[in-house]
Amino acid sequence: MKDENYCTLGGRITHPPGIYSARNQGWLLTFSIAVHLLHSKTPLFMEIKVPGTTDQAKLTAFAERLPIGRKVTVHNAELQNKTWIDPTTQTEKISYHLFCRLDQIYLHELPAAGTGRAAA
């Protein structure tokens, strides 16, 4: 029996999204958000990946709605990790990302012009 792996996180877009070809699996939309933690001044940067669609135009239209600073909430996404060896330190590193569908991403109001923050 598998355990449940569902995460809900909200944060602000940190860089423009990218759309990539995913080897025989359609297209992959990626972007990252900064999630502010209660007891830390350093945010958690989480990569969001939306895999498995053959409709590149749909992903492109959605990506245009993801400017830097926009707040989004990702509901019921699957948390996954990736490990690699850092070439400069030769130490093992780990990163985490959320995999979800487009309908699991809630878009909050657009940021106010020039502020990078959502309008009140």
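In the predicted model, a side-chain oxygen of Asp 55 comes to within 3.3 Å of the backbone nitrogen of Ala 57 at the start of helix 1. Three residues of this helix are buried, namely Leu 59, Phe 62 and Ala 63. Viewed down the axis of helix 1, these buried residues fall within an arc of 100 degrees and therefore line one face of the helix. In general, an α-helix has 3.6 residues a turn, so residues three or four places apart point the same way.

The loop between helix 1 (56-63) and strand 5 (71-85) contains Arg 70. This residue is buried but forms no salt bridge; Glu 109, the nearest side chain of opposite charge, is 8.6 Å away. A polar atom of the Arg 70 side chain instead lies 2.8 Å from the backbone oxygen of Arg 65.

The loop between strand 5 and strand 6 holds Thr 89. Because its relative accessibility is 42%, Thr 89 counts as partly exposed. Its side chain makes a polar contact of 2.7 Å with the side chain of Thr 91. Between Thr 89 and Gly 18, the separation is 71 residues in sequence and 28 Å in space, C-alpha to C-alpha.

Ile 94 is located in strand 6, which spans residues 92-99. With a relative accessibility of 42%, Ile 94 is likewise classed as partly exposed. Together with Leu 79 and Tyr 96, Ile 94 makes a nonpolar surface patch of about 250 Å².

How values were computed: Residues numbered from 1 in each chain as written. Predicted model: local features only at pLDDT ≥ 70, side-chain atom pairs only at ≥ 80, totals over all residues. Heavy atoms only, no water. Helix = DSSP H or I, 4+ residues; strand = E, 2+ residues; numbered from the N terminus. Buried < 20%, exposed > 50% of the residue type's maximum accessible area, 1.4 Å probe, protein only. Lys, Arg positive; Asp, Glu negative; His and termini not counted. Salt bridge = Lys/Arg side-chain N within 4 Å of Asp/Glu carboxyl O. Polar contact = N/O pair within 3.5 Å; in protein donor to acceptor, adjacent residues only side chain to side chain. Arc of directions from axis to C-beta. Patch = residues over 30% accessible without salt bridge, like charges linked within 9 Å, V, L, I, M, F, W, Y side chains within 5 Å. Areas by Shrake-Rupley, 256 points an atom, 1.4 Å probe, with all protein chains shown as cover.
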